[in-house]
Amino acid sequence: MRLHPLLTGTMAAPPTYLERSGTGWRAKLRDYGIRVPAEQWIRAPVPAFLVEHPSAGALMIDTGFHPAVAVDPPANLGRIGALAFKNIEMSAADAAPAQLRARGVEPGAVSHVLMTHMHIDHASAVSEFPNAKFVVSAPEWAAANGSRPQINGYYRRQFDHAVEFRLLDFGSDAVGSFAGFGRSLDLLGDGSVRAVFTPGHSAGHVSYLLRLRGREALIAGDAIYTIGTLRESALPARMHDEHNFKRSLREIQLYDRETPGALIVPGHDMEHWGTLEAAY
Ligand SMILES: [Zn+2]
């Protein structure tokens with residue numbers, strides 16, 4: 001099984017949005033970039049991942065930015081989303097479909113897209129994988145289709161397409177514990193791809209554990225924006241549920257300690273992104 005990390009674009013984030021500066025209201029304003037000069041904002045990657053499985057074929061983890069975001073962000077992200085995601089740097093060739101074709105994979109051949117969650121920078125390009133089954137946790141699906149979606153980071157038009165969604169039930173009998181994670185599902189039945197439930201960043205966030213040749217990889221998604229969150233427990237400015245976030249973080253930290261050789265990929269860490277290889 002091969003893993004290809006894909007950088008679909010970058011965005012600007014306030015320096016303390018990914019790792020918050022404090023808990024008071026002054027810190028909150030700073031963390032959301034209020035009166036923080038533009039030159040102090042940092043770049044954050046917007047990733048997606050291609051997984052080539054020997055029998056299941058081409059899989060994706062998240063979709064990254066839709067090609068339209070390169071030219072007209074509000075068209076795909078919505079007006080509120082385009083306000084939140086500032087100074088996007090992206091060319092049409094950065095979108096996942098173009099990157100797949102460059103690797104000899106047709107986007108129409110992708111059988112499954114495993115969603116960490118449905119936030120607008122992850123579900124942006126759902127429409128580009130018309131033949132895939134989309135895998136998402138049941139509580140995440142409910143939140144994305146619940147009240148005030150745009151306030152909660154979702155834009156329904158991105159996933160309002162005739163594609164099939166398969167909802168993961170982390171309360172089912174098939175759920176077991178694995179390598180420090182309390183709730184995991186073996187998606188293909190061969191132990192190669194496991195969904196591990198890591199809620200808190202969003203209502204039903206899921207991380208994915210891959211068994212690569214000689215090494216494991218954890219696509220942590222936004223359960224940890226940065227390696228600083230993993231190693232120093234630096235909390236982000238925004239959490240859907242802080243209690244669940246910390247519980248999920250402890251599970252990822254336990255996995256990190258018990259699996260020293262594993263590759264752990266955080267959701268939006270530019271410095272860490274620069275250390276990744278083209279493929280694993
Ligand atoms: Zn998110």
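Guide: What follows covers the sheet, its strands and a helix.

Guide: This is a predicted model, where local features need pLDDT of at least 70, side-chain atom pairs count only at pLDDT 80 or more, and totals for chains, interfaces and linings use all residues. Residues are numbered from 1 along each chain as its sequence is written, and side-chain values use heavy atoms, without hydrogens and water.

Visitor: What's the strand order in the open sheet?

Guide: S8-S9-S10-S11-S12-S13, six strands with mixed pairing. Strands are DSSP E runs of at least two residues and helices are H or I runs of at least four, numbered from the N terminus. Two strands pair if DSSP finds at least two bridges between them.

Visitor: Which strands stand at the edges?

Guide: S8 (176–178) and S13 (263–266). Each has a single partner strand, so one side of each has no neighbour in the sheet.

Visitor: Which helix packs on the sheet?

Guide: H6, residues 242–258. It touches S9, S10, S11, S12 and S13 (contact means heavy atoms within 4.5 Å). The direction of H6 makes about 75° with that of S9. Axes are lines fitted to C-alpha atoms, for helices over the stretch in contact; angles run from 0 to 180 degrees between N-to-C directions.

Visitor: What stands opposite Ala195?

Guide: Leu185, from S9. In S11, the bridge partner of Ala195 is Tyr208.
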